[in-house]
Amino acid sequence: NNTFIGYKAGTANSSSDNNHFVGYEAGMVNTTGTQNTFIGYQAGKANTNKSNNVFIGYQSGLVNTVGNNHFVGYKSGTANTTGGSNYFSGYESGKSNTTGSNNTFIGKSSGITNTTGTENTFIGHNSGFHSTGSQNTFVGQWNGYNNTSGNRNTFIGQDTGKKNTTGSKNTFIGESSGAGNATGDNNTFLGQGSGQYLKDGN
């Protein structure tokens, strides 16, 4: 019950079943992994024995070696090795993620720099672009764009927390709320533009 279409697609398959590999070298070294769908140039190329992955797009999941990941988009999750239970959707979403797990990145370049951060949710174009922290929720275009090691933040609304770098445990809700905060912790700003000029207050 396997379907392999494309040059060297599924070429190493031995005893696996219910796989669908379409594209140049898609799932090329898969041997025993089951219930995988790899569509695109070199999608899931390095997967050998892991299951329940969906990689759609040019080099999506290229070096992935674990199961239960869903990467959709050009080079989405392309560097992921052992990070599991991730969902990346969008052009280069989660591109640099290596071992980070339980992340959801939706939107072009969302979470593109995240490598080991876990349990993050980034929704929107460039949301969490520079973030490497964990347990952050950024919803809206450019949200948490400059966040690096800040953890446990919730930014909802366009440009909220845009300059936050290391600030943690902040809640900013409303367009441009907390937009100027860089290192401040434990702040709550509700409403459009609220706290947008605060840089490092607590």
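Residues are classed here as buried under 20% relative accessible area, as exposed over 50%, and as partly exposed in between, with a 1.4 Å probe and protein chains only. The structure is a predicted model, in which local features need pLDDT of at least 70 and side-chain atom pairs count only at pLDDT 80 or more, whereas totals for chains, interfaces and linings use all residues. Residues are numbered from 1 along each chain as its sequence is written, and side-chain values use heavy atoms, with hydrogens and water left out.

Asn 53 has a relative accessibility of 0% and therefore counts as buried. The residue is found in the loop between β3 (37-39) and β4 (54-56); strands are DSSP runs of E with at least two residues, helices are runs of H or I with at least four, and both are numbered from the N terminus. Contacts of Asn 53 (heavy atoms within 4.5 Å), leaving aside neighbours within four places in sequence, are made with Gln 35, Asn 36, Thr 37, Phe 38, Asn 47, Asn 64, Val 66, Gly 67, Asn 68 and Asn 69. The side chain of Asn 53 also reaches the backbone nitrogen of Asn 68 at 3.2 Å. A polar contact is defined as a pair of N or O atoms within 3.5 Å; within protein, one atom must be able to donate a hydrogen and the other to accept it, and residues adjacent in sequence count only if both atoms are side-chain atoms.

Positive phi values occur at two non-glycine residues discussed here, Gln 35 and Asn 52. For Gln 35, phi is near 55 degrees; this residue is placed in the loop between β2 and β3 and is partly exposed at 45% relative accessibility. For Asn 52, phi is about 60 degrees. Asn 52 belongs to the loop between β3 and β4 and, with a relative accessible area of 33%, is partly exposed.

Salt bridges were assigned where a side-chain nitrogen of Lys or Arg lies within 4 Å of a carboxyl oxygen of Asp or Glu, and the count by this rule is 2. In one of them, Lys 45 pairs with Glu 25, with the closest N and O atoms 3.0 Å apart. This pair links distant parts of the chain, 20 residues apart: Lys 45 is in the loop between β3 and β4, and Glu 25 is in the loop between β2 (20-22) and β3. Lys 45 is partly exposed at 24% relative accessibility, whereas Glu 25, at 8%, is buried. Lys 95 forms a salt bridge with Glu 92, where the closest N and O atoms are 3.4 Å apart.

A nonpolar surface patch is formed by Tyr 7, Tyr 24, Tyr 41, Tyr 58, Tyr 74 and Tyr 91, with about 590 Å² of accessible area together. Patches comprise residues with over 30% relative accessible area and no salt bridge, like charges being joined within 9 Å and nonpolar side chains (Val, Leu, Ile, Met, Phe, Trp, Tyr) within 5 Å. Accessible areas come from the Shrake-Rupley method with a 1.4 Å probe, and for residues only the protein chains shown count as cover. Tyr 41, one of the patch members, is found in the loop between β3 and β4 and is partly exposed at 34%.

Ser 101 lies in the loop between β6 (87-89) and β7 (104-106). With a relative accessible area of 17%, Ser 101 is buried.
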